[in-house]
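Hi,

Here is the structure I promised to pass on.

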Amino acid sequence: MPDILVAADEIAVTKIINAAEAALGKISRPPGSDSLGPFVVGWGASASFIGGTVDLIAPDVVRLQNISMNYTLDFTFKIDLEEFFGDVYLDPICLDLGDFGEICTPKICIPWPPPISVPIPTYSGSVTFTADFRPKVFLDGTQWVIEIEIVRVPSLEFDLATTAILELIRPAVATKLALIPGIGLFLAGAVDAILLAIEAGNLLGLLGAILTPFVSGLHFEIYRRNRLFEVLPASSPLDPAVTVMIDSLTAAVQSTDKDELVVTADISA
Amino acid sequence: MSLTLADTVMAAVHENGVNDFMAAFFRARPRHLVYGTPEFVPVTTVNATSISPMIVPTPFGSGTIDLLIVFAPPTLDFNPDSSGGTSPLPPGPGQLAVRTTVELTVACRPGVGRHEAEVEPLSASLNLFATGAPFDFGVGLYVTETIFNLDRLEIVDIAPDHLESVLECLMLMMLRAALRNFRLPFSAMSVGFFEFVLKNGPLIENDQIKVFGDVV
């Protein structure tokens with residue numbers, strides 16, 4: 001029989017994991033860039049996790065149901081108009097002057113500006129998923145740690161986000177293009193062409209590529225204590241701190257008339 | 001049957017674990033096992049507690065009767081009895097048994113006159129067997145610690161019976177006081193896995209002490 005045995009049912013484990021989600025806080029990925037259709041998009045992303053209820057399944061599954069990932073995305077599109085639209089010319093306009101021949105305007109080449117950056121307003125969204133985690137117990141230096149670690153990455157649904165982000169892209173691109181001299185006649189068509197080139201499918205894939213890494217490898221730390229565990233703090237010079245050594249630690253799911261997470265420990269003086 | 005029963009969390013410490021806690025406690029704070037008058041313990045330190053001597057008249061004014069009381073680190077046994085039937089005072093249902101020895105030393109001054117100041121320490125050791133029960137101890141709003149309270153003590157093979165009764169009561173009070181300093185925080189009982197509000201317990205069964213509650 002272990003020296004110490006601790007059991008927590010699904011209600012308690014839900015509270016413990018919800019607290020671990022809050023303790024994890026907001027996590028960020030290093031800024032990156034990816035292709036989006038013919039464009040290059042720079043992005044920044046952060047995410048946090050909240051809520052969910054626990055379903056414990058023996059011998060070692062902690063299923064977290066309906067956990068929400070709240071995320072924030074920043075995009076900046078880099079658009080090389082010359083590359084995208086190619087050379088655009090205004091054909092000559094000729095006037096027939098009868099016996100005097102005709103007079104034509106010269107063929108005018110529209111000069112595209114250098115590649116432009118189009119910042120998209122920050123988008124915040126949320127996606128809910130259910131995933132299985134496994135308890136993992138290990139020594140991190142001088143500290144015992146218990147984490148629950150995701151077993152399999154669930155499919156994340158970003159359809160609504162895709163639509164919303166496309167709606168943010170449209171006015172942002174239009175505003176930026178409007179600053180280009182001579183674009184007036186072509187503005188609406190140019191914006192449509194750019195959005196068409198982006199394609200919802202491409203954006204959906206990009207969102208998955210940016211946000212899925214927040215979930216793959218996701219783990220919540222539910223326990224961290226010094227191996228030399230302080231039982232009582234020092235209360236005076238005459239009563240110094242009392243410590244014991246936690247020699248071993250285990251965590252598993254046990255199923256009887258209730259499902260419980262059971263942690264055992266062996267200690268020594 | 002589930003471990004948490006009608007509550008959401010449960011922490012159980014086996015008697016071996018509590019004995020580890022107790023050994024650690026008295027190793028860090030040995031003064032709670034050693035009590036002496038100034039002849040033996042001039043001042044309280046982390047190693048020993050100084051207690052007041054009995055003042056007595058002498059031909060030269062006043063003197064003291066000095067004692068030294070040293071308990072061995074006690075060991076606990078939660079019900080059911082783990083002594084194999086050798087304990088004279090096994091733990092009943094819900095009880096714990098404590099086993100220790102005490103060494104009593106008297107600074108004997110048998111001489112008279114100018115020899116009255118000469119000390120001859122006399123010592124005797126006694127095996128002590130006691131029983132008791134855990135009770136919770138509140139700090140602030142919450143109950144956060146378990147304390148072990150002794151209610152009976154047995155010393156074997158002392159005659160006459162009246163002397164045995166006197167010594168047993170004396171030792172019960174002294175060991176009870178010594179043991180009251182040992183507190184087992186709930187946070188230790190769960191090795192810090194969670195903080196919780198006590199709903200049931202502490203109770204002793206199956207060689208364990210158990211507490212039940214809800215996560216804070």
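The charged end of A:Lys136 is placed over the ring of A:Phe138, at 5.4 Å from the ring centre. Bear in mind that this is a predicted model.

On to the aromatics: there are 14 aromatic pairs over all chains. One of them joins A:Phe133 and A:Phe220, with ring centres 5.9 Å apart and planes at 35 degrees, so this pair is tilted. A:Phe133 sits in strand E10 (residues 116–140) of chain A and A:Phe220 in strand E12 (residues 219–226) of chain A, so the pair ties together parts 87 residues apart in sequence. Both A:Phe133 and A:Phe220 are buried.

Another pair, B:Phe193 with B:Phe194, is edge-to-face, with 5.5 Å centre to centre and 65 degrees between the planes. B:Phe193 counts as buried at 5% relative accessibility, and B:Phe194 is buried with a relative accessible area of 5%. Ring pairs also link these two with A:Tyr223, B:Phe186 and B:Phe196 into a cluster.

Now the cysteines. The structure has 1 disulfide over all chains, formed by A:Cys94 and A:Cys104 with their sulfur atoms 1.7 Å apart. It links distant parts of the chain: A:Cys94 is in strand E7 (residues 94–96) of chain A and A:Cys104 in strand E8 (residues 102–104) of chain A, 10 residues apart. The link is right-handed, with 110 degrees about the S-S bond. A:Cys94 is partly exposed at 39% relative accessibility, and A:Cys104 is partly exposed with a relative accessible area of 35%.

In chain B, B:Cys108 is partly exposed, its relative accessible area being 22%; B:Cys169 is partly exposed, with 39%.

Cheers

Definitions and conventions: Residues numbered from 1 in each chain as written. Chains lettered and ligands numbered in written order. Predicted model: local features only at pLDDT ≥ 70, side-chain atom pairs only at ≥ 80, totals over all residues. Heavy atoms only, no water. Disulfide = S-S within 2.5 Å. Helix = DSSP H or I, 4+ residues; strand = E, 2+ residues; numbered from the N terminus. Buried < 20%, exposed > 50% of the residue type's maximum accessible area, 1.4 Å probe, protein only. Phe/Tyr/Trp six-rings, centres within 6.5 Å; stacked < 30°, edge-to-face > 60°. Lys NZ or Arg CZ within 6 Å of the ring centre and 35° of its normal.
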